[in-house]
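Subject: Structure handover

Hello,

Here is the structure I promised to pass on. Please open it first, then read my notes below.

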Amino acid sequence: MHTGINSTLPAPNMHVFLPRRASFMCNNSTLNLVVSSSAAPSSTRQHLSNLEKLLQKTNQTDPEGVVKGCSNGSVETKGKVLLERLNLSRIWPEMSAADDMSPRNLNRLQRLLSKTMEYSPRNNLGSRWREYHGCYDWSGLLDPLDENLRREVVRYGEFVQAAYHCFHSNPAMSADEAPLPRHVSLPERSYKVTKSLYATSSVGLPQWVDDVAPNLGWMTQQSSWMGFVAVCDDKREIQRMGRRDIVIALRGTATCLEWTENFRAQLVEISESDDPTQKVGCGFLSLHKTPGAHVPSLAESVVDEVQRLTEMYEGENLSITITGHSLGAALSLLVADEISSCAPQVPPMAVFSFGGPRVGNKGFADRLNEKNIKVLRIVNNQDLITKVPGVFIDERLKQDPNKLEEEQRNESFARVFNMLENNNPWAYTHVGTELKVDTKMSPYLKPNADVACCHDLEAYLHLVDGFLSMECPFRSNAKRSLAKLIDNQKSNVKQLYTDEALSLNLERKDSFSISM
């Protein structure tokens, strides 16, 4: 049975609650203790000071009389007890005391904790679609975060979630025959899946692994379903976006052999490149290029399907959007490079990556820039995966341009720097434009959230949905449901919200853990 907060609490009776709020200003008030604490941040002390002044102006009606007058178990009495227990001023500190007690805000909390998804408005991108697709490297759209771009980023992240869900619903593949077609439940009804993508590892597990753990099943399979290609086929959505969009979505690491490839981090040359200084991670390249016994390589599948779709929709405005999380984010860059190298007259192409590791060296980054491949990296400041693999040299210098200029004046340093950059097998660098979010800025997540939470894809989408700007990192009107976040990361969500989720008797469904 679903029980929730009574949304019919009459607004005219709000004066009943205000005197109770005024009674909080007693000598033993927690509010007074926080204000007097020198350890509290200055912004918190200022906010609480303002709140104290506001409460002092409130009608000083005897609170005992109010309680006695409402002791008959009325809706007002029950509502007051629940409102005091929620202490909504901690959730939305910018609200006044009257707003804090508003049933409207209680309804909003209930919506956030429900399974029903509520999205930011979808505006018509029209002639600006190239700008949102990165033609100007998202200049002027990231801080503050443009509402249309926020919606597009979250939308592409949900394609990756669909890839995770499809894989985990049936991860096993037969080693003796070609895989059967898969059904992918897309978050967008305006798209249809046209191709399944597979990745194959070029390494195998040693025999002793089978002897020690013979029942690992799909965890040790050589080839696995990695993602899909989908194309928008809805006329209204095509009109809204300003073009027909082709999406390539790739999941993160799931099998033992994929993890093994992740740790093969030595930089190797790209076989198709004439420049020996352009290098990428050995394990990533292996998963990208290796064909399976009954499936083609990821590189071959993507190129063939993109060529087919561009020929089918020749003459239309097309775009290619590649999105992935973790390992999928790394493979997205290799897929973008492969398409631009093999497919003639490629439409505008952009990569939206979530929690991606470094993939190659500076030569590889320059290669993608020369091909005009636009990359938006969504990075959680607490996510360790985005800081690996390898030793990075030039990123440190990018942070201090004056230091770079000064050091490059020295010819001896320039020679040493170039030698290290070109020959060091661990000299990785990131590619593209960065949108940085931060777990600590979420009012819902614990500031000491663990490594898994900081890398979780749903946590990424939660942070993007709430991000406004570096000056005001989390917007108060964020719309994304907290239900999936609580399902995936209950131990990392503040207890206030997990308790309220239980008190609202929210229905839960099994969810899949998303890792690298």
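**What I found**

Phe 284 is buried, because its relative accessibility is 4% and the cut-off for buried is under 20%. Please keep in mind that this is a predicted model.

Phe 284 belongs to helix α13, residues 282–289. Leaving out residues up to four places away in sequence, Phe 284 touches Glu 261, Asn 262, Leu 327, Ala 330, Leu 331, Leu 334, Pro 357, Arg 358 and Val 359. Gly 328 is 44 residues from Phe 284 along the chain, and their C-alpha atoms are separated by 9.7 Å.

**The overall picture**

The protein has 516 residues, and 51% of them are buried. Its secondary structure comes to 23 helices and nine strands. Take the contacts between residues at least 6 apart in sequence: 77% of these join residues at least 24 apart.

**Cores**

In soluble globular proteins, nonpolar side chains tend to be buried together. Here, the largest nonpolar core has 60 residues. Which members touch the most others in that core? They are Leu 149 and Phe 228. Helix α9, residues 147–169, supplies the largest share of this core, with 11 residues. A second, separate core has 39 residues, including Ile 246, Leu 333, Val 359 and Leu 368.

Back to Leu 149. Not counting residues up to four places away in sequence, Leu 149 touches Tyr 132, Trp 138, Leu 141, Leu 142 and Phe 352.

Helix α9 also holds His 165. His 165 is partly exposed, because its relative accessible area of 44% falls between the 20% and 50% cut-offs. His 165 and Leu 186 are 21 residues apart along the chain, with 9.8 Å between their C-alpha atoms.

**Cavities**

The structure holds four cavities of 30 Å³ or more. The largest cavity contains about 90 Å³ of space. Its lining has 13 residues, and those nearest the centre are Leu 333, Ser 353, Pro 357, Val 359 and Arg 377. Seven residues of that lining are nonpolar, four are polar and two are charged. Both α15 (327–342) and β8 (374–380) supply at least two residues of the lining. The most comes from α15, with three residues.

Ser 353 is buried, at a relative accessible area of 6%. Neighbours within four places in sequence aside, Ser 353 is in contact with Gly 324, Ala 329, Leu 376, Arg 377 and Ile 378.

**Strands**

In a regular strand the side chains alternate between the two faces of the sheet. Strand β9, residues 433–437, shows alternating side chains. Thr 433, Leu 435 and Val 437 point to one face and are buried.

How many bridges join β8 to β9? There are five, and the two strands run parallel. Val 379 stands opposite Lys 436 in β9.

Thr 200 is in strand β1, residues 191–200. Is Thr 200 buried or exposed? Thr 200 counts as buried, at 2% relative accessibility. Beyond residues up to four places away in sequence, Thr 200 touches Gln 222, Ser 223, Ser 286, Leu 287, Thr 290, Pro 291, Gly 292 and Val 295. Thr 200 and Ser 297 are 97 residues apart in sequence, yet 6.9 Å apart in space, C-alpha to C-alpha.

**Backbone points to check**

Most residues other than glycine have a negative phi, and most peptide bonds are trans.

- Asp 143 and Pro 144 are joined by a cis peptide bond, with omega about 5 degrees. Pro 144 is in the loop between α8 (129–132) and α9.
- Val 388 and Pro 389 are also joined by a cis peptide bond, with omega about -5 degrees. Pro 389 is in the loop between β8 and α17 (394–398).
- Asp 137 has a positive phi, near 60 degrees. Asp 137 is in the loop between α8 and α9, and is partly exposed at 37% relative accessible area.
- Ser 326 has a positive phi, near 60 degrees. Ser 326 is in the loop between β6 (318–325) and α15, and counts as buried at 0% relative accessibility.

Best wishes

Terms used. Residues are numbered from 1 along each chain as its sequence is written. This is a predicted model: local features need pLDDT of at least 70, side-chain atom pairs count only at pLDDT 80 or more; totals for chains, interfaces and linings use all residues. Side-chain values use heavy atoms; hydrogens and water are left out. On a 1 Å grid over the protein atoms alone, a cavity is a set of points where a 1.4 Å probe fits but cannot get out, and a pocket is an open set with protein on both sides within 12 Å along at least five of seven lines; lining residues have an atom within 4 Å of a point. Grid points are joined across faces, edges and corners, and a volume is the space filled by probe spheres set on the points. Helices (H or I, at least four residues) and strands (E, at least two) are DSSP runs, numbered from the N terminus. Ala, Val, Leu, Ile, Met, Phe, Trp, Tyr, Cys and Pro count as nonpolar, Asp, Glu, Lys and Arg as charged, and the others, Gly among them, as polar. A nonpolar core is a set of buried Ala, Val, Leu, Ile, Met, Phe, Trp, Tyr and Cys residues joined through side-chain atoms within 4.5 Å. Buried means under 20% relative accessible area, exposed over 50%, partly exposed in between (1.4 Å probe, protein chains only). Contact means heavy atoms within 4.5 Å. Two strands pair if DSSP finds at least two bridges between them.
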